[in-house]
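Here is a short briefing for a reader who is new to this structure.

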Amino acid sequence: MNFKNTLEFAQQLDANDILHKYQEEFIFPQVNDKKVIYFTGNSLGLQPKRTKKYVDEVMDDWANLAVEGHFYAKKPWWDYHERFAEPLSKIVGALPSEVTVMNTLTVNLHLLMVSFYRPTKKRYKIICEEKAFPSDQYMFQSQVDFHGYKREDAIVEIKRRDGEHNIRLEDVLAKIEEVGEELALVLIGGVNYYTGQVFDMKTITAAGHKVGACVGWDLAHAAGNVKLQLHDWNVDFASWCSYKYMNSGPGNASGCFIHEKHHNDATLPRFAGWWGHNKERRFKMEQTFDPVHGADGWQISNIPILSLAPYLASVEMFDEIGMDALMQKRDSITSYLEFILHEIDKETDSTFEIITPANPTDRASQLSVLLHGEGRSLFDYLMKNGVITDWREPNVIRLAPAPLYTSYEDMYNFGQILKAGIMSKISV
Ligand SMILES: *Cc1c(COP(=O)(O)O)cnc(C)c1O
């Protein structure tokens, strides 16, 4: 499409956008008495208005029923998590029995590594991406420490080539091949948090399996943002947080995927707790653990209902919209933002650079912009003028136009604010 950097054009795109009405479903913070242009849905999604109802329902049931709420709440608490199976499985491309919700992301990855990182003398290495999200790096280090391996030896990072911002697929595949029989696990962020690069999860998963390794994905930036087919791609396991693109609220519960092929494998170790125990017999307080079939069998503690209620509101909203419509808007609005950035770059003769892949199949909702020179003051200008972005050292701002609640008009307005910021002698 031939885009134009005009208000009329942006408004026309909004008028043709079937998801435009969802902007009304979200609560926007205000700056200077105007709703902000929100680019940090990749960090904490906005609050959907309908969420409060889901939380209030739990609060009311708790007030009125207390312990009886476990069985007699409007949505009984003891199996509340089962309501996620259908809608969430569609979001991540899984069978309903392959997904569950529990804990938080890093905790879940650790728990899944109990099952899927079982190093042996010969096969003990983990492949991850260079500059993985810090929590993942700490997780890898503590896992290999725990198993008694040396970090320098056991953790193999896939590097970017000199002068490049993104990791090449061919380099991932070559590294997998090279580590070969020593490779126990490939665990990478499906979408890189810093650059927004989307990895070819299908191809990488197949390559890992070919050398005999397990393959898992950290989907923090992918869940609700990328079309996933975890079952068909034969991914062993995955986990994601729900508070980024899925708008469930700060620190709220995570989701997990465990491929069906592992459900009947009694040799897989796992850390157990009563919520993973046989559903019919859970309250018989038996001594021997008998796991629920499927991903629910990895549950441990009784589930945090107040954390799940907002997540359920979100999952139901995604289900109502469908991933295909969301992906279409995502690509279109991200391309429009990219166009606006290039236009402003030309008009102001500045020197910023988009480090996110230009090819739409290698990216999702996020554009990371590298500001050469004095970037921080431009970032401050944007924040003061109602554009919420985030700053990543050394000089990157990340812009994520979450397709559920950002409009094309927002993109146009952002361009104008950016231009004013650059023109007001803030050197970029
Ligand atoms: C956001 C994010 C996390 C956060 O982990 P929590 O355990 O939810 O705090 C982990 N990994 C990646 C790649 C992330 O982007």
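The side chain of T106 places an N or O atom 2.6 Å from an oxygen atom of the ligand. The model is predicted. The protein buries 84% of the 390 Å² that the ligand exposes when taken alone.

**Ligand site**

- The residues surrounding the ligand are L105, T106, F133, D136, D218, A220, H221, Y243 and K244.
- By type, this shell holds 4 nonpolar, 2 polar and 3 charged residues.

**Salt bridges**

- Side chains of opposite charge can pair when their charged atoms come close.
- The whole structure contains 30 salt bridges.
- One of them joins K329 and D17, with N and O 2.9 Å apart.
- That pair links distant parts of the chain: K329 sits in helix α11 (residues 323–348), D17 sits in the loop between α1 (7–15) and β1 (26–27), and 312 residues separate them.
- Both K329 and D17 are buried.
- E25 and R50 form another salt bridge, at 3.2 Å from N to O.
- E25 is in the loop between α1 and β1, and R50 is in the loop between β5 (47–48) and α2 (51–65), so this bridge ties together parts 25 residues apart in sequence.
- E25 is partly exposed because its relative accessibility is 23%, while R50 is buried at 13% relative accessible area.
- R330 bridges to D331, with the closest N and O atoms 3.0 Å apart.
- R330 has a relative accessible area of 8%, so it counts as buried; D331 is partly exposed at 29%.
- Elsewhere, R161, E164, R168, E170 and D171 belong to one network, joined by salt bridges that share partners.

**Backbone geometry**

- Most residues other than glycine have a negative phi, and most peptide bonds are trans.
- E393 and P394 are joined by a cis peptide bond, with omega about 0 degrees.
- P394 belongs to the loop between β16 and β17.
- N32 is not a glycine, yet its phi is positive, at about 50 degrees.
- N32 lies in the loop between β2 (30–31) and β3 (34–35), and a relative accessible area of 58% makes N32 exposed.
- N234 also has a positive phi, near 70 degrees, without being a glycine.
- N234 is in the loop between β10 (214–218) and β11 (237–240) and counts as partly exposed at 31% relative accessibility.

- N395 is in the loop between β16 (390–392) and β17 (396–399).
- Is N395 buried or exposed? N395 is buried, because its relative accessible area is 14% and the cut-off for buried is under 20%.
- The N395 side chain reaches the backbone oxygen of L371 at 2.5 Å.
- N264 is exposed, with a relative accessible area of 64%, and occupies the loop between β12 (254–258) and α10 (305–321).
- From C-alpha to C-alpha, N264 is 55 Å from F9, and the two are 255 residues apart in sequence.

**Nonpolar surface patch**

- F71, Y72, W274, F283 and M285 make a nonpolar surface patch of about 580 Å².
- Y72 is part of helix α3 (residues 69–72).
- The relative accessibility of Y72 is 59%, so Y72 counts as exposed.

Conventions
Residues are numbered from 1 along each chain as its sequence is written. This is a predicted model: local features need pLDDT of at least 70, side-chain atom pairs count only at pLDDT 80 or more; totals for chains, interfaces and linings use all residues. Side-chain values use heavy atoms; hydrogens and water are left out. Patches are made of residues with over 30% relative accessible area and no salt bridge: like charges are joined within 9 Å, nonpolar side chains (Val, Leu, Ile, Met, Phe, Trp, Tyr) within 5 Å. Accessible areas come from the Shrake-Rupley method with a 1.4 Å probe; for residues, only the protein chains shown count as cover. A salt bridge is a side-chain nitrogen of Lys or Arg within 4 Å of a carboxyl oxygen of Asp or Glu. Helices (H or I, at least four residues) and strands (E, at least two) are DSSP runs, numbered from the N terminus. Buried means under 20% relative accessible area, exposed over 50%, partly exposed in between (1.4 Å probe, protein chains only). A residue is near a molecule or strand if one of its heavy atoms lies within 4 Å of it. A polar contact is a pair of N or O atoms within 3.5 Å; within protein, one must be able to donate a hydrogen and the other to accept it, and residues adjacent in sequence count only if both atoms are side-chain atoms. Ala, Val, Leu, Ile, Met, Phe, Trp, Tyr, Cys and Pro count as nonpolar, Asp, Glu, Lys and Arg as charged, and the others, Gly among them, as polar.
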